[in-house]
Amino acid sequence: MIFVKIYMLILAIETSCDDTCAAVIKIKKNRKFEILSNVISSQVKLHSKYGGVFPSLAKREHQKNLPIVVRKALKEAKNPKINLIAVTSGPGLEPCLWTGINFSKELARKMKLPIVPVNHIEAHILANVIDKKPVFPAVCLIVSGGHTQIILMEKIGEYKILGETRDDAAGECFDKTARILGLGYPGGPIVAKKAAELKSKKLKINLPRPMIHQKNYDFSFSGLKTAVLYEFKKRPLKIRKSKQYVQEMCAEIQQAIIDVLIRKTIIAARDYRVKSIILSGGVAANEELRKQFQSATSNQCSKITLSLPPKNLCTDNAAMVAVAGYLNTELPKEAKVRKKMKFSFDWQKGRRGLRPLLPPRFHKWKLGKKHWKEIKANANLKIGEKL
Ligand code: KG4
Ligand code: ZN
């Protein structure tokens with residue numbers, strides 16, 4: 001008999017928008033995380049012809065892909081014995097959220113496992129703690145396709161929304177302006193690529209920086225989208241189609257978004273005297289945004305540390321859901337004690353292996369007072385709201 005310290009193995013499922021995601025993570029000693037698998041099945045090709053996500057189509061694709069994606073995630077993780085299921089319960093597209101939740105409940109029933117519901121925004125923020133220790137208090141900027149918020153984070157689990165977009169999200173602005181330019185979906189990565197190709201500015205396009213001088217932490221991006229439309233329409237067809245014009249427009253759109261995001265976040269960080277700024281969400285994968293945030297923080301507030309999630313964990317994924325699920329979990333005592341590991345021989349696979357002996361009461365664990373069977377989808381769930 002050997003004694004090994006293992007804490008938890010979590011299977012996470014994320015279906016809040018157009019990516020079907022499943023991941024297995026291992027929580028080791030000192031709350032260190034190891035991603036054993038992180039599978040993402042993107043529906044981008046399917047939705048690109050609509051220029052955005054078509055919810056009922058996304059739901060159908062999730063239903064089709066979930067069993068395959070989950071099986072793949074478990075297989076890549078070498079089929080470990082899972083202790084807990086984490087699932088996104090909101091915010092997001094309701095039909096899509098329900099698909100993930102219902103699938104997780106069915107799986108939990110079959111595998112006799114508890115489930116923990118996860119807030120999608122919190123999961124984006126906690127993608128930052130996978131590879132490093134967070135520093136609190138922090139101001140978090142969440143920039144995704146559906147959200148743009150500045151959040152004060154006292155510690156994990158304690159959030160206060162300081163400001164948010166009054167209309168479109170930053171990612172949505174990238175997507176919609178890319179559509180005006182005829183660049184396809186999702187717009188963010190394409191706009192970033194075209195902007196990086198620009199060698200010199202010749203047309204001198206000037207787009208507005210909405211709300212940049214207003215004394216609040218709110219944003220507005222729909223005016224920028226309209227300005228792009230007017231600028232585009234006033235140009236003759238020959239110019240609109242030229243490489244130079246598209247590259248210059250992309251660079252200006254990207255810069256207008258970056259300018260507002262950086263200014264408002266730094267002001268919030270200084271006003272609240274926080275120790276760090278945490279970026280998260282799909283737009284945080286933008287290379288220019290990352291670079292300019294780094295130089296702005298070191299020039300304007302060098303005592304504040306900047307935390308950037310790994311690029312592959314900025315856009316939707318289930319690894320971040322697993323981490324948020326773990327950090328939101330009041331573990332029963334049994335899960336924290338040393339587990340006995342038995343050295344056994346697997347007759348089917350014909351090899352020796354270590355098998356954890358799970359405490360018997362563990363499977364009966366419930367989430368607080370609420371049973372996991374009561375978990376519901378909530379399309380408009382706010383961060384910090386009780387799940
Ligand atoms: O977080 P996410 O995957 O999904 C939501 O929760 O909404 O974010 C998707 C958004 C899309 O709007 C996409 O255009 C944007 O993130 N995005 C980017 C980049 N990669 C993804 N925006 C700018 N630059 C990028 N490199
Ligand atoms: Zn997201």
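Helices of at least four residues and strands of at least two are taken here as DSSP runs, numbered from the N terminus. On that basis the chain of this predicted model holds twelve helices and 13 strands.

**The whole chain.** Begin with the entire chain in view. Of its 387 residues, 53% count as buried. Among contacts with a separation of 6 or more, 73% are made by residues 24 or more positions apart.

**The zinc site.** Select next the zinc ion (ligand 2) together with His 120, His 124 and Asp 316. These residues coordinate the ion through NE2 of His 120, NE2 of His 124 and OD of Asp 316, at 2.0 to 2.1 Å. The site has four donor atoms, and the angles among them run from 94 to 134°, a tetrahedral arrangement. Along the sequence, the spacing of the donor residues reads H-x3-H-x191-D.

Now display helix H4 (residues 120–126), which contains both His 120 and His 124; the two are four residues apart, about one turn of the helix. Are these histidines buried or exposed? His 120 counts as buried because its relative accessibility is 7%, under the 20% limit. His 124 is likewise buried, with a relative accessible area of 1%.

**Two cis peptide bonds.** Move to Gly 90 and Pro 91, which are joined by a cis peptide bond with omega of about -10°. Pro 91 belongs to the loop between strand S5 (84–90) and helix H3 (94–111). Then select Tyr 185 and Pro 186, where a cis peptide bond has omega of about -5°. Pro 186 is in the loop between helix H5 (170–180) and helix H6 (187–197).

**Two positive phi values.** Select Met 211, in the loop between H6 and helix H7 (222–233). Although Met 211 is not a glycine, its phi is positive, at about 65°; the residue is buried, at 13% relative accessibility. Continue to Arg 273, in the loop between H9 and strand S10 (276–280). Phi of Arg 273, also a residue other than glycine, is positive and near 50°. Arg 273 counts as exposed because its relative accessibility is 72%, over the 50% limit.

**The pair H9 and H10.** Finally, display helix H9 (residues 243–271) and helix H10 (residues 287–300), whose axes come within 10 Å and cross at roughly 35°. The crossing is right-handed. To see the contact, show side chains including Ile 258, Ile 262 and Arg 270 of H9, and Leu 289, Phe 293 and Ala 296 of H10. By class, the contact comprises seven nonpolar, six polar and three charged residues.

Note on methods. Residues are numbered from 1 along each chain as its sequence is written. Chains are lettered from A and ligands numbered from 1 in the order in which they are written. This is a predicted model: local features need pLDDT of at least 70, side-chain atom pairs count only at pLDDT 80 or more; totals for chains, interfaces and linings use all residues. Side-chain values use heavy atoms; hydrogens and water are left out. Axes are lines fitted to C-alpha atoms, for helices over the stretch in contact, and angles run from 0 to 180 degrees between N-to-C directions. A crossing is left-handed if the near helix is turned anticlockwise from the far one by less than a right angle, and right-handed if clockwise. Contact means heavy atoms within 4.5 Å. Ala, Val, Leu, Ile, Met, Phe, Trp, Tyr, Cys and Pro count as nonpolar, Asp, Glu, Lys and Arg as charged, and the others, Gly among them, as polar. Donors are N, O and S atoms within 2.8 Å of the metal (3.2 Å for Na, K and Ca); water is not among the atoms, so sites may look incomplete. Four donors count as tetrahedral if all angles lie between 85 and 135 degrees; four count as square planar and six as octahedral if opposite donors are over 155 degrees apart and all others between 65 and 115; anything else is irregular. Buried means under 20% relative accessible area, exposed over 50%, partly exposed in between (1.4 Å probe, protein chains only).
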